[in-house]
Amino acid sequence: MTTTPEPMVTGSAPPTVHAAERRLHPMSWLFVLLAQLRQFVVPLVALLVFGRGDRNELWPLIGVGVLVLAAVWQYFTFRYGVAGDALLVRKGLLERSVRVIPFARIHNVALQQSLLHRLFGVAEVRLESAGGKKPEAEMRVLKLDDALALEQLVRHRGQASAVDEVGAPSTPAVPEATTLLQLPLGEVVRHGLVSNRGLIVVGAGVAGLSQISPRLLPNLFERWGEVLFGYAGSHDFGIAGYALAAASLAVLAVALLRLLSVLLSLLQYYGFTLRESGRRLTVERGLLARWRTSASRRRIQAWTLYEGLTHRLLRRRSLHVDTAVAEEQQQQRALRELAPIATPQACDRLIAHLLPKADWAGQAWRPIPVHNWWRLFLPGMPWILVVGGVAGWRFGAWGLLAVPWLAWSAYAARQHARRAAYAVNDQLVAVRGGWWSRWWRFAEIDKLQAVSLSVSPLDRRCGTATLWLDTAGATPMGPSLRIRFLPTDEARALHDTLAATLSRRPLRW
């Protein structure tokens with residue numbers, strides 16, 4: 001029997017933020033201190049565990065005391081309040097700063113609760129915009145009621161700035177929230193099976209151990225190999241035995257990685273719920289730590305529908321979006337995933353609901369000329385020949401494996417070319433690609449910031465061109481919104497049509 005995660009919103013009446021300036025939560029200094037000490041955890045632990053008792057080893061603790069004073073200082077010198085349709089943030093005492101943030105500038109509101117936050121009933125709040133790599137304001141930490149009240153004010157874009165007779169902002173009517181998608185436990189487990197998050201964690205762990213002791217991992221592998229080969233030699237393993245043992249170890253490694261991926265998905269996506277309130281979308285997720293991210297629907301710039309091989313086996317897809325919010329490294333709190341995993345029908349319903357005029361289901365896909373498949377195959381061919389040549393020089397006949405590898409790469413390139421297509425209507429421009437792993441990338445025409453036509457020397461030789469479509473908030477890790485290998489006349493006609501459309505319509509940021 002599964003349990004529903006406790007919601008971050010409690011009570012029936014929505015909380016309010018008063019116009020008067022307010023401080024952070026009295027325990028905010030503790031959370032600021034813990035965040036600052038995070039990068040010094042390993043040296044401090046090593047000092048306590050491996051120290052020799054010398055008094056000189058206690059000098060680094062003075063730095064900890066300085067960080068405590070800085071955290072307490074921030075609590076006493078940080079203020080925030082609401083003035084009209086803007087948020088005021090005051091910091092400092094000797095060197096003071098006042099930051100005025102209009103509600104219309106805030107694109108994303110992110111609330112985070114770690115396990116410690118939940119014990120104290122507080123939350124960390126980040127107000128993010130499309131410009132800059134830092135948030136407009138970061139508050140560590142607020143009472144949960146105050147954090148939710150601040151999110152409500154941003155949601156209504158300053159409509160709560162009307163002051164009543166006692167000087168407090170009036171609370172506008174809150175639209176009833178509608179649940180668009182909720183992932184049960186089984187879907188979260190499926191997400192772990194299709195993701196490779198376990199491999200990322202293992203890679204990070206290997207890098208961390210290598211920093212601590214460069215010879216630690218090689219020594220472990222050598223010792224493990226000695227034990228395995230010693231056991232195999234004592235039991236007279238033949239070639240078939242070694243092959244079976246290697247296959248068993250590979251299966252075990254894959255199973256452990258998938259188990260780790262499932263555990264990570266449970267921690268990050270348990271209780272995933274996508275809600276709509278008015279024209280604002282809110283995602284809430286997490287098992288121990290809870291994340292609550294809110295963004296306006298009109299801030300969505302582009303969409304990506306993804307279907308990997310494991311997705312297809314489980315009959316699932318993922319729906320991601322790009323929002324006009326710049327993120328710092330290690331900060332993945334913007335609204336990125338509308339459906340981490342869902343059935344194709346559920347993804348199509350979400351798109352139809354959020355883009356009702358785009359007619360996603362009725363797109364007329366235009367294929368890319370298949371005879372350009374060799375241009376997908378060409379970039380990888382030199383690497384295959386180099387690897388095959390090195391393998392042949394070092395291992396002899398093993399280098400002949402490059403021949404079937406070349407044949408397979410050519411076949412895969414042709415399949416990619418067969419699936420590549422694009423679609424354009426009055427509201428939407430879309431591109432699709434992939435073969436085993438398939439993807440669809442699309443954006444509303446009103447969200448396009450630039451349309452450019454690119455012609456390389458090879459394009460001129462083949463009579464083709466590439467159309468690049470630029471939107472805000474695009475991630476470099478995902479597929480590009482571009483149409484490749486179009487005949488030059490068709491590419492120029494499409495470029496002129498989209499450019500004329502963009503010139504008539506205002507950019508919807």
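**View 1. Y269 and F272 form a ring pair.**
A residue counts as buried when its relative accessible area is under 20%. Y269 has a relative accessible area of 3%, so Y269 is buried. The model shown here is predicted. A search of the whole structure finds twelve aromatic pairs. One of them joins Y269 and F272. A pair of aromatic rings is described by the distance of the centres and the angle of the planes.

**View 2. W408 pairs with W435.**
This pair is tilted: the ring centres are 5.6 Å apart and the planes stand at 45°. Where do the two residues lie? W408 belongs to helix α14 (residues 402-419). W435 sits in the loop between β16 (428-434) and β17 (438-444). The pair therefore ties together parts that are 27 residues apart in sequence. W408 is partly exposed, at 42% relative accessible area. W435 is buried, at 14% relative accessibility.

**View 3. R285 lies over the rings of Y269 and W291.**
The charged end of R285 sits over the ring of Y269, 5.2 Å from the ring centre. R285 also lies over the face of W291. Here the distance to the ring centre is 5.0 Å.

**View 4. The largest nonpolar core has 34 residues.**
Which members touch the most other members? They are L274, W303, L319, L338, W360 and F442. Helix α11 (residues 344-354) gives the most to this core, with five residues. A second, separate core has 24 residues, including L87, I106, A147 and V154. In soluble globular proteins, nonpolar side chains tend to be buried together.

**View 5. F442 meets residues from other parts of the sequence.**
Neighbours within four places in sequence are left aside here. The contacts of F442 are then A302, W303, I351, L355, W360, L428, V429, A430 and L481. Ring pairs also link F442 with W303, W360 and W365 into a cluster.

**View 6. C347 is buried, and C462 is partly exposed.**
C347 has a relative accessible area of 0%. C462 has 31% relative accessibility. How many disulfides does the structure hold? It holds zero. A disulfide is a covalent bond between the sulfur atoms of two cysteines.

Conventions. Residues are numbered from 1 along each chain as its sequence is written. This is a predicted model: local features need pLDDT of at least 70, side-chain atom pairs count only at pLDDT 80 or more; totals for chains, interfaces and linings use all residues. Side-chain values use heavy atoms; hydrogens and water are left out. A disulfide is a pair of cysteine sulfur atoms within 2.5 Å. Buried means under 20% relative accessible area, exposed over 50%, partly exposed in between (1.4 Å probe, protein chains only). A nonpolar core is a set of buried Ala, Val, Leu, Ile, Met, Phe, Trp, Tyr and Cys residues joined through side-chain atoms within 4.5 Å. Helices (H or I, at least four residues) and strands (E, at least two) are DSSP runs, numbered from the N terminus. Contact means heavy atoms within 4.5 Å. Rings of Phe, Tyr and Trp (its six-membered ring) pair if their centres lie within 6.5 Å; planes under 30 degrees apart count as stacked, over 60 as edge-to-face and the rest as tilted. A charge sits over a ring if NZ of Lys or CZ of Arg is within 6 Å of the ring centre and within 35 degrees of the ring normal.
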